[in-house]
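Subject: Structure handover

Hi,

Here is the structure I promised to pass on. Please open it and keep it beside you while you read.

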Amino acid sequence: MYRVVELKETWEVAKDVKAFRLSKGFDFTPGQFVMVWLPGVGEKPFSLAWKDLLVIKRVGSFTSKLFELSEGERLWIRGPYGRGFERRGKRIALVAGGIGIPPLYALAKAWGDKFEEMTLIYGARSKNELALLDVENYVDEVILTTDDGSAGRKGFPTDVLAERKKEFDEVYACGPELMLKAVLKVMEYKNVQISAERYMKCGIGVCGSCNLGKYLVCRDGPIFDGSQLKGIL
Amino acid sequence: MYRVVELKETWEVAKDVKAFRLSKGFDFTPGQFVMVWLPGVGEKPFSLAWKDLLVIKRVGSFTSKLFELSEGERLWIRGPYGRGFERRGKRIALVAGGIGIPPLYALAKAWGDKFEEMTLIYGARSKNELALLDVENYVDEVILTTDDGSAGRKGFPTDVLAERKKEFDEVYACGPELMLKAVLKVMEYKNVQISAERYMKCGIGVCGSCNLGKYLVCRDGPIFDGSQLKGIL
Amino acid sequence: MVSLEVELFGIRFENPLILASGINDKVPEQWIRAHEEEAGGVVTKSIGIEPRKGYDNPTIVELPYGLINAMGLPNPGWKGFLEMVEGYTFDFPLIVSIFGGTPEEFAFLAEKLSDVADAFELNLSCPHAKGYGMEIGQKPENVYEVVKAVKDATDKPVIAKLTPNIDDITKLGLAAEKAGADAVSAINTLKAIAIDVYARKPILSNQVGGYSGPGVKPVALRAVYDLARTLDIPVIGIGGITTWQDAVEFLLAGASALQIGTVVSLRGWKVFREINEGIRTYLESEGFSSMREIVGLALE
Amino acid sequence: MVSLEVELFGIRFENPLILASGINDKVPEQWIRAHEEEAGGVVTKSIGIEPRKGYDNPTIVELPYGLINAMGLPNPGWKGFLEMVEGYTFDFPLIVSIFGGTPEEFAFLAEKLSDVADAFELNLSCPHAKGYGMEIGQKPENVYEVVKAVKDATDKPVIAKLTPNIDDITKLGLAAEKAGADAVSAINTLKAIAIDVYARKPILSNQVGGYSGPGVKPVALRAVYDLARTLDIPVIGIGGITTWQDAVEFLLAGASALQIGTVVSLRGWKVFREINEGIRTYLESEGFSSMREIVGLALE
């Protein structure tokens, strides 16, 4: 059932992207998600950026409503749900695209000291869409890319990954599906974990809407091993 | 729900009294009871004489059926239920009448080494109705009484209790209601715990049949402090 | 401190938690005990014309999420009941549950017991006694006839206790309302059975029984919600209330008062205090000053 | 090794555990997965005439003893369904669930989908879609008309899935049998609601929904027991089956096969293996040589 939490703090982190600090934290594994209900508005899944932190892009009516909430107002949250990342590898890369940053931010913050070297490769269309938060505190290196060259290298994060893939023994990725497909291809579906997205409704493996081949994103994922996705993504 | 147990061993312990050793034991406090169901026959409450032992007198159709069962046959048991004895006192008396022995046998066996001195005062109508089992192994002294003088002293266990009550700092009693009333009177409702009996059906505080004043024997009892029963018994 | 008081059909209850019929309410000492333990009122075991012994054991099945019972309406009959209460007075509302096989029997009982009862609850819903309870109460026309007959026979308030074993419980509620009932209470138990896999038989001596407890709450809450949206008379919510959150859900769904039963067996008499305290804390922290303010808020 | 095989209306199932309609059964990959995970067969999500998006979230409520859902019959429509299954073959029985607003709609769907379906299950019982499911299926005469129309439209076996939201489910079962149904399945979900005490609103966007899971088992078992005693056609037991003991209870109550759904969400795909294994061990230790031997033993 829902836990009712209050908004402790909200702030803008990029264009149309806001961070929401909650009054209560959730035990979670990086990569897991929660369902957020606004009574009378709707209910949507969001990846946890930290036990008490959501980082959300305004994309429609639900998120617009969310963006209007002030500190002290309530959210109804159930979860966390799904399969999170598994900690593997010593020298790892986090590959994020656009609003794919929250689960990787969580991973960096949770496990930063468990890896020998952590490289974040983060791309967005433009500088003002990069939602970096304070991620530089948790990773060893940050490489930015933008489609328009307004920050970091002009190009895609997968360009960087392709060049440097030999440096990494495990890659963790979250972002638009095209990017994920490129990551899987670069990694040949090995030593890679990706956070998948499908239209999710119940969040708990009932309705079947979020199927990805034979898998359910909400239960078998959202984190999948590359090897599971051959022939599917 | 029911646990299905098998009869491991049965033997006669007195006239119309049989002991039933079960294939599985129950965690219990001396004084607690179980409900025994024989499908197609009925379901009745019995005090546990030990975690895997019932000592039962044949009194009607249910117990007659029970007496016919052979080793290896099944019983359906739920429980244990109710409030058991509380361990109190150093020099204690167990006062048993007739088939009131099982919970006191359990107490003696469970807590025998916790008391400084334990005296069993056990009465029955006649010698062949005394269901002693091996209780002498667990108590310091056994005093028997019979109504007809065929064993021990002729008279009632409460006669003995009345004479020796100063020796005991706590008395535990189980037996016919007349005897219990006499015990309570002798003890002036102090330092005494008795096992009460009322017509019990559900055993779990629903049906209310086993009420004893404002109490339910199945939930508030079957063990009561003397002080609870002033004006009631 | 916020108020939990309820006034229903002219009777004041100290709080909304009434002991439901059939749970530890055989004798006056138990009713008094329930009130000592902070029940706002008491409904007696169902009383009929003749004494009934009830069914043989097993009469109850313990499940992970509740109980199934088939007690068989054990009761001392109305004469025995009157003898039993002789000399007692009660400083809390005593609701006498009655059952009969015809409107006339119900009316007869109400007349005979009117001096003892602060109100009557009509058992139109017991699911395991042939010719009584649910067998009558599944038909709106029967509910109407029984309520009407009882209303003609007594000046005391009359509550129709409805069965959920029906396509649409509001049909029964509307029939009761039309016949002049002062309130309805819902739900009675759901038709159920339990089978032992080793005995390979139904466990209850009556085979089938009525299911109560936490597992029926979603169904009960729905019944109350539907009734409260449909009727003008008050609805008393019953069915699986186990926590203060459950109690608040029923109030928000439109229940004006509540009955609890199975939870008293599962968790003991202390639940009256615990649930009342939970409701009080909720009301305070959410900024309400009395329980009445939240009744039906979820209907809007 | 004891046999768990079931033959029903001429179709062989490897074991009695069929995936119930509406649980992870949107696309062929999921049906195939269910069979890989040891489901004896699969019932698809309910298919209607037109594509439906279903209701907005929240569409589900998690309770301690089950779930309440109001999905709103999301489906691709029969055309979309045929496109979706194009090119697939299945080495297990595929039961296609269909819903319609009239006997003609049901018959139309059955005709169009007869090449794909090994059997049809008629959704006469979904409790949360206006004009469909339970709203039709609570009336025996409607059940009769729908079953009859479908039987005339297809040679494939027809299962009528019945609602428990009724005074006596055997009325519906008898109507289905009389109309020529090859089997009935029961139960669909119970009418229910959940309210959030802080939002003070029903949680589901549809307000009300259907209750499933462990908490409904006693009601479901009773429905199966009553149906099996009354009907000559086979009964498929559904409702809260969570453990192998539950499964055995349903078989003893007269179910010839079983469907599980909510437990797949609660405990994962592995439950098919676990429950089958539990049934097998039970049969062996109790001296039976096949599952069929225990069907209905508790009815005697």
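Below is what I found, taken chain by chain and then contact by contact.

One caution before anything else: this is a predicted model.

**The barrel in chain B**

Start with chain B. Six strands there form a closed barrel, in the order 1-2-5-4-3-6, and the pairing is antiparallel. From one strand to the next, the twist averages 45°. As background, strands of a sheet pair through backbone hydrogen bonds, and the pairing can be parallel or antiparallel.

Take one pair as an example. Strand 2 of chain B (residues 17-22) pairs with strand 5 of chain B (residues 53-57) in the antiparallel sense, over five bridges. Find Phe20(B): in strand 5 of chain B, Leu54(B) stands opposite. Now look for helix 2 of chain B, residues 101-111. Helix 2 lies across strand 4 (42-50) and strand 5 of chain B. Its angle to strand 4 of chain B is about 35°.

**A helix in chain D**

Next, go to helix 2 of chain D, residues 77-85. Which residues of this helix are buried? They are Trp78(D), Phe81(D) and Val85(D). Looking down the axis of helix 2 of chain D, you will see these buried residues within an arc of 60°, so they line one face of the helix.

What do the buried residues pack against? Helix 1 (28-36) and helix 3 (103-113) of chain D. Just after helix 2 of chain D comes Gly87(D), with a positive phi of about 90°.

**Annotated sites in chain C**

For chain C, UniProt has an unreviewed entry that lists residues 4-282 as "domain: Dihydroorotate dehydrogenase catalytic". Over residues 4-282 of chain C, the chain is 35% helix and 22% strand. The end C-alpha atoms of that stretch are 12 Å apart.

UniProt also lists a "binding site" in an unreviewed entry, and its residues include Asn123(C) and Gly239(C). I looked at these two.

- Asn123(C) sits in strand 8 of chain C, residues 119-123. Asn123(C) is buried, because 30 other C-beta atoms lie within 10 Å and the cut-off is 20 or more.
- Gly239(C) is in the loop between strand 15 (235-238) and helix 8 (244-252) of chain C. Gly239(C) is buried too, with 34 other C-beta atoms within 10 Å. With the residues up to four places away left out, Gly239(C) touches Ile187(C), Val216(C), Lys217(C), Val219(C) and Ala220(C).

**Where the chains meet**

Chain A and chain D touch: 23 residues of chain A are in contact with 23 residues of chain D. On the chain A side, strand 4 (42-47) and strand 6 (74-81) each supply at least two residues. Strand 6 of chain A gives the most, with three residues. The chain A side divides into eleven nonpolar, seven polar and five charged residues.

Chain C also meets chain D, with 35 residues of chain C in contact with 35 residues of chain D. Which element of chain C gives the largest share? Helix 7 of chain C does, with five residues. By class, the chain C side has 25 nonpolar, four polar and six charged residues.

Best wishes

How values were computed. Residues are numbered from 1 along each chain as its sequence is written. Chains are lettered from A and ligands numbered from 1 in the order in which they are written. This is a predicted model: local features need pLDDT of at least 70, side-chain atom pairs count only at pLDDT 80 or more; totals for chains, interfaces and linings use all residues. Two strands pair if DSSP finds at least two bridges between them. Helices (H or I, at least four residues) and strands (E, at least two) are DSSP runs, numbered from the N terminus. Axes are lines fitted to C-alpha atoms, for helices over the stretch in contact, and angles run from 0 to 180 degrees between N-to-C directions. Two residues are in contact if their C-beta atoms, placed from the backbone, lie within 7 Å. UniProt positions are given in the numbering used here, feature names are shortened, and annotations may be inferred rather than shown by experiment. Ala, Val, Leu, Ile, Met, Phe, Trp, Tyr, Cys and Pro count as nonpolar, Asp, Glu, Lys and Arg as charged, and the others, Gly among them, as polar. A residue is buried if 20 or more other C-beta atoms lie within 10 Å of its own, exposed if 12 or fewer, and partly exposed in between; C-beta atoms are placed from the backbone. The arc is that of the directions from the helix axis to the C-beta atoms.
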